[in-house]
6 protein chains.
Amino acid sequence: MHERIAIYPGTFDPVTYGHIDVLKRASKLFDKIIISVGESSSKSSLFTVDQRIKMLSQAVSDIKNAEVDSFSGLLVDYAKKKKASAVIRGLRAVSDFEYEFQMALTNQTLEPDVETVFLTPSQNYSFISSSLVKEIAKNGGDVSYFVPKIAEKMLKEKFGSNH
Amino acid sequence: MHERIAIYPGTFDPVTYGHIDVLKRASKLFDKIIISVGESSSKSSLFTVDQRIKMLSQAVSDIKNAEVDSFSGLLVDYAKKKKASAVIRGLRAVSDFEYEFQMALTNQTLEPDVETVFLTPSQNYSFISSSLVKEIAKNGGDVSYFVPKIAEKMLKEKFGSNH
Amino acid sequence: MHERIAIYPGTFDPVTYGHIDVLKRASKLFDKIIISVGESSSKSSLFTVDQRIKMLSQAVSDIKNAEVDSFSGLLVDYAKKKKASAVIRGLRAVSDFEYEFQMALTNQTLEPDVETVFLTPSQNYSFISSSLVKEIAKNGGDVSYFVPKIAEKMLKEKFGSNH
Amino acid sequence: MHERIAIYPGTFDPVTYGHIDVLKRASKLFDKIIISVGESSSKSSLFTVDQRIKMLSQAVSDIKNAEVDSFSGLLVDYAKKKKASAVIRGLRAVSDFEYEFQMALTNQTLEPDVETVFLTPSQNYSFISSSLVKEIAKNGGDVSYFVPKIAEKMLKEKFGSNH
Amino acid sequence: MHERIAIYPGTFDPVTYGHIDVLKRASKLFDKIIISVGESSSKSSLFTVDQRIKMLSQAVSDIKNAEVDSFSGLLVDYAKKKKASAVIRGLRAVSDFEYEFQMALTNQTLEPDVETVFLTPSQNYSFISSSLVKEIAKNGGDVSYFVPKIAEKMLKEKFGSNH
Amino acid sequence: MHERIAIYPGTFDPVTYGHIDVLKRASKLFDKIIISVGESSSKSSLFTVDQRIKMLSQAVSDIKNAEVDSFSGLLVDYAKKKKASAVIRGLRAVSDFEYEFQMALTNQTLEPDVETVFLTPSQNYSFISSSLVKEIAKNGGDVSYFVPKIAEKMLKEKFGSNH
């Protein structure tokens with residue numbers, strides 16, 4: 001039995017309890033999970049890549065086999081470089097599924113050795129989205145139900161001047 | 001690292017290339033996969049459980065870490081008994097997803113230690129359904145694109161008298 | 001302001017915490033809610049209409065403005081007879097939505113004075129389905145997370161001989 | 001330019017204004033449309049194949065290039081025998097789409113020369129379903145908004161004894 | 001019986017017959033409906049908030065218990081301030097449903113006393129979208145089927161110079 | 001029998017094997033297909049309209065009854081000017097379907113004489129999207145599975161400086 005490595009890629013802008021729930025589930029199925037911030041140039045993010053890495057590092061510090069990283073370029077190339085056999089994706093809703101399905105089939109074509117593995121977060125977290133969290137934080141709402149302490153703190157710093 | 005076992009449950013009435021594709025993908029992620037025929041009393045099947053076990057055994061004989069079995073009762077109880085940490089499900093379409101999602105959340109509630117893992121078959125197999133295969137076979141159509149040789153043979157034996 | 005009455009129709013075979021959650025939400029929006037068991041001849045049910053009325057009566061006894069009833073025939077005819085201005089439906093998933101949408105538009109055509117009102121249960125209950133509950137109970141699983149005490153008891157009486 | 005023939009297959013149990021709308025649209029795109037009742041053995045129908053042919057013949061008599069027929073066996077075999085280059089399907093909703101998509105891909109594999117062509121009925125008819133129509137007629141409701149006169153008459157004959 | 005108030009929030013850029021149909025339905029279920037323009041800073045709109053309030057005021061002047069307003073900040077905070085027990089949302093399609101479901105569950109978490117109520121517009125209006133209306137108006141198409149007179153007039157003023 | 005003309009409109013930024021597959025299917029059903037680049041001002045494209053026309057012209061040169069063009073303004077106006085009786089759309093997924101359905105119903109209202117005809121690409125191409133292709137090309141991935149030679153070449157010229 002060789003070491004089984006999986007990548008859990010995402011934007012994590014910010015990380016939510018939904019992401020952490022998916023990560024915990026994945027951490028039981030693989031020997032190592034690399035949770036990795038995608039440095040997409042096209043999507044404008046609230047937090048910098050470095051801020052998101054910092055946020056993730058604190059939020060997942062109790063998951064022993066999780067490692068925080070970032071990547072640019074094609075996900076399948078990154079997965080191969082990291083010797084990962086799987087990419088983890090959380091599925092919350094039908095619209096997630098459609099896009100994810102398309103991505104998974106595209107990645108299968110580009111790199112048959114990397115499998116896409118879908119997990120569903122607990123029903124308590126299945127409706128949380130980073131976009132809604134940002135919208136709530138921006139308007140001074142309480143985000144403590146949705147995101148870990150460190151993300152709440154960093155959101156307050158960003159939007160603090162509004163209140 | 002302990003041995004990682006997953007259950008791949010289903011009706012397999014009959015087994016299709018879609019099922020085998022999902023099994024192959026799962027077999028790379030886990031140490032052992034138990035592909036297991038559900039003895040559901042409510043669904044009327046074309047093949048008996050024994051016939052389906054025979055069919056599966058031949059169809060997956062080249063996947064070294066796959067084992068064929070059957071089960072009755074609750075899937076989560078069976079998974080625990082087999083010391084499986086995961087249940088594998090193939091996702092082909094949105095309607096699959098909805099039902100599967102509901103099942104996964106129900107099973108999470110009943111048994112938090114068994115994770116549901118979704119995999120997508122290759123696009124070549126994503127549209128194959130056992131029901132359509134039976135319909136085609138019943139009407140004398142060619143099912144060799146959809147099912148392995150043994151299933152094709154057994155379908156011919158069932159419906160042979162019609163042609 | 002006249003009294004506002006709504007019908008909450010369903011099969012309730014058995015009633016679940018999801019149904020009760022929807023009923024509680026509706027009870028705050030209307031003056032009276034009639035939760036009503038549809039005597040559909042086509043669908044085979046586990047419990048008789050009388051058993052389901054008994055089950056509902058106990059399960060919803062603390063919701064003061066809820067009344068339990070049963071009906072046969074067209075829902076819109078029943079709603080008019082009861083002077084209801086609305087029909088309540090719980091929406092859990094996309095597949096629910098499609099069928100419900102079709103029903104709502106058909107009922108709009110048959111009877112423009114009765115409005116269909118959709119409510120979403122809390123995320124804790126959004127995945128519960130009566131069919132899965134029956135499947136679990138039949139196989140001796142614990143249904144106490146999904147249904148009220150009275151339903152659990154009545155399910156045990158039905159399936160008791162299996163265990 | 002050779003003659004372009006399309007098959008419009010269905011159960012038509014009973015025919016609705018939605019079917020007729022799709023047929024009219026198709027009749028402008030092809031030289032001949034064969035609207036054809038599928039003699040499926042598995043689905044239990046309210047009307048016999050002969051009754052459905054009679055109903056369709058009257059209901060579509062004003063569409064000059066439409067022809068009524070019935071078929072058994074595989075749709076693609078029937079289409080080839082009739083020299084049809086296309087199969088027409090009406091799309092009303094997402095759940096239609098999924099099943100239809102699966103069927104279309106299966107038929108593409110079985111017979112690449114027969115194309116599946118999807119049309120959407122007018123919004124006025126997009127929510128009508130034969131099952132709901134039967135349910136309404138059975139309960140004495142008014143189906144004149146949903147089905148042509150001949151279907152209304154034949155439904156009344158079927159369910160007349162109930163009222 | 002206390003007064004029942006509902007908020008019908010939206011962008012209304014411009015208001016369509018679909019919105020007005022939903023509002024009319026809601027106006028029969030509640031004592032007062034506040035139709036309220038969301039002052040979202042992130043979404044770029046064609047009309048200013050003031051223009052949209054003016055447009056709405058004229059378009060809904062015949063609905064006696066409707067009041068036009070605008071809001072910024074969190075919808076649930078606004079609903080509480082207005083003593084509303086419900087938020088009205090129109091559901092047209094599956095993609096609407098997914099996003100709305102997510103929003104409704106998020107708002108439930110933030111404020112359990114405000115219920116989200118979904119209504120479906122008549123089939124005649126279920127396909128109308130403000131974005132398509134703007135696209136049509138921009139290209140000189142006839143929008144009189146989709147929007148009330150005042151919206152048509154204001155669209156012509158915006159895009160008049162193009163034709 | 002008069003000449004039957006269909007428009008196949010799109011962004012084609014870039015053209016993929018999925019588009020070409022849909023075009024080939026359509027070319028068997030109609031006498032002439034005009035594949036036409038929409039000059040949408042709102043969507044920012046990678047290639048200019050002229051580059052996309054050049055790309056399409058080469059990619060579809062072997063389809064004898066296909067003609068390449070571009071258009072601005074309303075699609076239904078363009079279709080009428082070209083004496084087209086149909087607009088061709090490829091359907092790949094549920095999310096496609098929803099938007100397309102809305103568009104088709106809107107266009108039916110604006111111009112009842114132009115029918116929207118949906119075709120499904122082969123399963124080999126059903127997951128390809130122009131956006132993912134651009135993402136892959138930008139990151140130096142191999143797009144030869146997804147797009148014709150000319151598109152591959154032009155993508156390399158665009159992104160060449162990155163590698």
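User: How many salt bridges does the rule find across the interface of chain A and chain B?

Analyst: In this predicted model, the rule finds four salt bridges across the interface of chain A and chain B.

User: What makes the pair A:Arg25 and B:Glu115 a salt bridge?

Analyst: The closest N and O atoms of A:Arg25 and B:Glu115 are 3.1 Å apart. The criterion asks for a side-chain nitrogen of Lys or Arg within 4 Å of a carboxyl oxygen of Asp or Glu. The pair A:Arg25 and B:Glu115 is therefore called a salt bridge.

User: Which elements of chain A each supply at least two residues of the side that touches chain B?

Analyst: They are α1 (17-29), α4 (94-110) and β5 (115-119) of chain A. The largest share, eight residues, comes from α4(A). By class, this side of chain A has 16 nonpolar, nine polar and eight charged residues.

User: How many residues of chain A and of chain B are in contact, and what area is buried?

Analyst: In contact are 33 residues of chain A with 33 residues of chain B. The two chains bury about 2800 Å² between them, with 57% of it on carbon and sulfur atoms. Between chain A and chain B, 13 residue pairs are in polar contact, both residues being at pLDDT 80 or more.

User: What does the interface of chain F and chain D hold in salt bridges and polar contacts?

Analyst: The count between chain F and chain D is four salt bridges. Across this interface, 13 residue pairs are in polar contact, both at pLDDT 80 or more. On the side of chain F that touches chain D, the elements giving two or more residues are α1 (17-29), α4 (94-110) and β5 (115-119) of chain F. Helix α4(F) gives the largest share of that side, eight residues. Chain F and chain D bury about 2800 Å² between them, 57% of it on carbon and sulfur atoms.

User: Why is the pair D:Arg4 and F:Asp31 called a salt bridge?

Analyst: The closest N and O atoms of D:Arg4 and F:Asp31 lie 2.8 Å apart. Since the cut-off is within 4 Å, the pair D:Arg4 and F:Asp31 is a salt bridge.

User: How do you know that chain B and chain E do not touch?

Analyst: Contact requires heavy atoms within 4.5 Å, and chain B and chain E do not touch by that rule. Their nearest C-alpha atoms are 11 Å apart. Chain C and chain F do not touch either, with their nearest C-alpha atoms 11 Å apart.

User: Why is C:Val22 called buried?

Analyst: C:Val22 has a relative accessible area of 2%, and buried means under 20%. C:Val22 is therefore classed as buried. The residue is in helix α1 (residues 17-29) of chain C.

User: What does C:Val22 touch, not counting residues up to four places away in sequence?

Analyst: C:Val22 touches C:Tyr8, C:Ile88, C:Gly90, C:Leu119 and C:Pro121. The C-alpha atoms of C:Val22 and C:Tyr125, which are 103 residues apart along the chain, are separated by 9.5 Å.

User: Which residues of helix α5 of chain C are buried, and why are they said to line one face?

Analyst: In α5 (residues 130-138) of chain C, the buried residues are C:Ser130, C:Leu132, C:Val133, C:Ile136 and C:Ala137. Seen down the axis of α5(C), they fall within an arc of 160°, so they line one face of the helix. In general, an α-helix has 3.6 residues a turn, so residues three or four places apart point the same way.

User: Which residue follows α5(C), and what is its phi?

Analyst: α5(C) is followed by C:Gly140, whose phi is positive, near 75°.

Key: Residues are numbered from 1 along each chain as its sequence is written. Chains are lettered from A and ligands numbered from 1 in the order in which they are written. This is a predicted model: local features need pLDDT of at least 70, side-chain atom pairs count only at pLDDT 80 or more; totals for chains, interfaces and linings use all residues. Side-chain values use heavy atoms; hydrogens and water are left out. Buried means under 20% relative accessible area, exposed over 50%, partly exposed in between (1.4 Å probe, protein chains only). Helices (H or I, at least four residues) and strands (E, at least two) are DSSP runs, numbered from the N terminus. The arc is that of the directions from the helix axis to the C-beta atoms. Buried area is the accessible area (1.4 Å probe) that two parts lose on being put together, summed over both. A polar contact is a pair of N or O atoms within 3.5 Å; within protein, one must be able to donate a hydrogen and the other to accept it, and residues adjacent in sequence count only if both atoms are side-chain atoms. Ala, Val, Leu, Ile, Met, Phe, Trp, Tyr, Cys and Pro count as nonpolar, Asp, Glu, Lys and Arg as charged, and the others, Gly among them, as polar.
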